[in-house]
Amino acid sequence: MALLWLRFALACYFIGLVYAFVALTRTSDLFSRIALHAASLGMVFHFVSLTELYLSGQVVWTSVHNAESLLAFLSMSFFMIIYAIYQTTSPGVVVFPVVFFLTFVAALDEQPVLLTTFVSSKGWLFAHIILIFTGYAALLVSFGASLLYLLQERRLKSKKPTSLIAFLPALEVIDQIGYRSLLLGFPFMTLGLITGSIVAITAPQIGRVDFLDPKILLSVLMWAVYMLMVFTRWNSGWRGRRAAVLATFAFVAALAAWAANYFSTIHRFIS
């Protein structure tokens, strides 16, 4: 049944995907409201699907597709928080397609799983996955806001601004969305790495942790970029274009860290 609920959610998210493409060319308040309600309904189905997985009594989050399902749900949750604060659906132009893609992949039958036979503490593993994915979701929203900032800035500086993406809010608002997403996600990302380290250290079969392992190396790099980004915005007052570019780089680092799952010797998915 969990897979069925997930596919219902996917159907709802499809409306959001259509909205994302339509919004690039024209503004429609009615369609924006429809997409928002569809996304809300999709989250209900999605929550039911995740709850059934949790109640199954297994560490099912270590399946790559279930993990992507969880990441999609958390990303949509962050989007809803942003909407509740700023009353704008504009970040959906980036968030909706990503959520749809992650949910689509998760709704497939194939389920490669994370190599976790060495993990003795399932509680720490569960905490690690929830925390790190919440950090990822915040970074995704921040990345989306950065893209929108760059697009809006280019549009406003154009001598002949077009109606394309004219629905975007003011630059200051977009910048605040990206900044607050960063601040909200950084503690989760930090705690996620700490709990991941505990999982690795307490696994006797691993032995000495190899810090040159691609997953560990790229995760630390991603966290360092994330910390630099928060620090520069907090203390140096970085705003606008420079902050948007740095947020984009941090998101690319996060993607690289995720891709390292397939190359790591201690943190990889197997068929």
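A residue counts as buried under 20% relative accessible area, as exposed over 50%, and as partly exposed in between. The model discussed here is predicted. In it, phenylalanine 14 has a relative accessibility of 43% and is therefore partly exposed. Phenylalanine 100, at 16%, is buried.

**Overall make-up**

The protein contains eight helices and two strands, arranged along the sequence as α-α-α-α-β-α-α-α-α-β. Of its 271 residues, 52% are buried. Its accessible surface is about 13300 Å², and carbon and sulfur atoms account for 71% of that area. Counting contacts between residues at least 6 apart in sequence, 80% connect residues at least 24 apart.

**Aromatic pairs**

There are 13 aromatic pairs in the structure. Two of them are tabulated below.

| Pair | Geometry | Centre to centre | Angle between planes |
|---|---|---|---|
| Tryptophan 5 and phenylalanine 8 | edge-to-face | 5.8 Å | 65° |
| Phenylalanine 14 and phenylalanine 100 | tilted | 5.9 Å | 55° |

Tryptophan 5 and phenylalanine 8 are both part of helix 1 (residues 2-23), where a spacing of three residues puts them about one turn of the helix apart. Tryptophan 5 is partly exposed at 23% relative accessible area, and phenylalanine 8 is partly exposed at 38%. Ring pairs also join Trp5 and Phe8 with Phe45 in a cluster.

Conventions. Residues numbered from 1 in each chain as written. Predicted model: local features only at pLDDT ≥ 70, side-chain atom pairs only at ≥ 80, totals over all residues. Heavy atoms only, no water. Helix = DSSP H or I, 4+ residues; strand = E, 2+ residues; numbered from the N terminus. Buried < 20%, exposed > 50% of the residue type's maximum accessible area, 1.4 Å probe, protein only. Contact = heavy atoms within 4.5 Å. Areas by Shrake-Rupley, 256 points an atom, 1.4 Å probe, with all protein chains shown as cover. Phe/Tyr/Trp six-rings, centres within 6.5 Å; stacked < 30°, edge-to-face > 60°.
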